[in-house]
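Please keep the sequence and the structure in view while reading.

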Amino acid sequence: MKTLITGGTVVGPLGAVPTDVLVDGETIAALYAPGVASTGGVVADKVVDATGKYVVPGGVDVHTHMKLPFGGTFASDDFESGTRAAAWGGTTTIIDFAVQRTGEVVQDGLAAWHALADGNCAIDYGFHMIMGGVDDEALKAMDYLVEHEGITSFKLFMAYPGVFYSDDGQILRAMQKASDNGALIMMHAENGIAIDVLAAQAVARGDTDPVFHGITRPSALEGEATHRATVLAQVAGNTPLYFVHMSASEALAHVSAARGAGRNVFAETCPQYLYLTLEDQLGAPGFEGAKWVASPPLRPRDEPHRDDLWRGLRTDDLAVVSTDHCPFCFKDQKELGRGDFTKIPNGIGTVEHRMDLVYQGVATGRLSLERWVETCSTTPARMFGLYPKKGVIAPGSDADIVIYDPNATTTISAATHHMNLDHSAWEGFEIAGKVDTVFSRGTAVVAGGAFHGRAGHGQYLRRGLTQYLR
Ligand SMILES: [Zn+2]
């Protein structure tokens, strides 16, 4: 089956160029200057007209948590509903976090994650491994996962004491291992020990509303942890270090400094930190703000975080936009924390909206078209060892393609989204642009306003090492 996408403008890191794209089976077969394919006798089974639209590599969301157990409940999207919603939004690859819980064997945690995903995904997927306990056995498992399982990135937590937390000694040992085997250490950088003290003091005072989730996790404690992690990675031997969900100016400054010194330090941010604030969302009246409880928290409106994060995306100090998709319904899930914000499950659901929300940066002049594609597709694919299979429109690459219409508009609402979530953190947001057609390995999974994909189409991706080492 051959499909010819004609009339569109292909966007990649090198620019936006009018190009026709020939898909043969599951991969991209050839690129043509406009008109060359038709006059040159290329015969396709199907022609898709992309006139006036962008043709971009399918989105790669490297930070999702389908079915994550948290605070006595589970994230409300499973791999079937979550990957379907991702496809609707133009994301054709996710990398989810398999979980080793403290005291559990790493390989058992991985097997459990394969069982959740196998046969259920509409798009391709890979895994990182959350290390809930760093000990001799877990360190050996890191080598095994890199060599045999295609898992080349390991997440550690400086937050959540008693749950996922690693102390500095454990972090250093995991970093030494990664500096040997080339794996990437992903870091949740917040000083969880200090945060737990502030949170307990707030609850004891009777300050139990959702907004105190943000007030007790100040940006200075994200900055402190970020700096500490960059120092530990330096001591361990220039270990590749990637900060997840960066939200704070102080943290970004430490990343910029480390990068300026030639270190293997990288960072991502998420749409919620680019647009939403502690006052406007987390501080909503009553218990409403629970919808926006996530860690790190939304930052105060009058502090420079959002502007700094947009600047970081332009300068590449922030390399990637992911979602940290971790949805919990308001009813029965977020409500677990009524009267005590520390019991609200942490997470926001955004997997369906990332391409749109970052494109809004293009529409408003904050980001170039090329940086949109780089931060959402190309760089995440390279950062996590999937390039050029993913992240680029080029002959030989998987035909993961999004046709994006800059002249249409999208209004985000829980009434129309496809995530398994009873509310939207983005209710009423208007986007100047719209996902038109989505191909996953050559199959049009979203077209004509309908979903044509299926659970089980998505394949597990064995990943190589990060392609950004220096
Ligand atoms: Zn996360």
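## Helix pair H4 and H5

In this predicted model, Leu139, Met142, Asp143 and Val146 of helix H4 meet Arg173, Ala174, Lys177 and Asn181 of helix H5. Sorted by class, the residues of this contact comprise 4 nonpolar, 1 polar and 3 charged.

Helix H4 spans residues 136-149 and helix H5 spans residues 168-181, and their axes come within 10 Å of each other while crossing at roughly 30°. Because angles under 35 degrees count as roughly parallel, H4 and H5 are described as roughly parallel to each other. The crossing of H4 and H5 has a right-handed sense.

The domain assignment divides the chain into domain 1, made of the segments 2-56 and 393-451, and domain 2, covering 58-383. The C-alpha centres of domain 1 and domain 2 are separated by 28 Å.

Across the boundary, 30 residues of domain 1 are in contact with 39 residues of domain 2. On the side of domain 1 that touches domain 2, the elements giving two or more residues are strands E2 (9-12), E3 (15-18), E18 (401-405), E21 and E22 (443-447). By class, this side of domain 1 consists of 19 nonpolar, 9 polar and 2 charged residues.

## Valine 438 in strand E21

Valine 438 lies in strand E21, which runs over residues 434-440. With 30 other C-beta atoms within 10 Å, valine 438 is buried, since 20 or more such atoms are required for that class.

Setting aside residues up to four places away in sequence, valine 438 touches Gly58, Ala87, Gly90, Thr92, Val402, Val445 and Val446. Alanine 37, by comparison, is 401 residues from valine 438 in sequence and 22 Å from valine 438 in space, taken from C-alpha to C-alpha.

## Leucine 241 in strand E15

Leucine 241 belongs to strand E15, which comprises residues 241-243. Leucine 241 counts as buried because 28 C-beta neighbours lie inside 10 Å.

When neighbours within four places in sequence are left out, the contacts of leucine 241 are Ile185, Met187, Ala229, Thr230, Ala233, Asn264 and Val265. For one of these residues, isoleucine 185, the C-alpha to C-alpha distance to leucine 241 is 4.9 Å, although 56 residues separate isoleucine 185 and leucine 241 in sequence.

Terms used
Residues numbered from 1 in each chain as written. Predicted model: local features only at pLDDT ≥ 70, side-chain atom pairs only at ≥ 80, totals over all residues. Helix = DSSP H or I, 4+ residues; strand = E, 2+ residues; numbered from the N terminus. Buried ≥ 20, exposed ≤ 12 C-beta atoms within 10 Å, placed from the backbone. Contact = placed C-beta atoms within 7 Å. Axes fitted to C-alpha atoms, helices over the stretch in contact; angles between N-to-C directions. Parallel < 35°, antiparallel > 145°, perpendicular 65-115°, else oblique. Left-handed = near helix turned anticlockwise from the far one by under 90°. Nonpolar A, V, L, I, M, F, W, Y, C, P; charged D, E, K, R; others polar. Domains from an automatic or database assignment.
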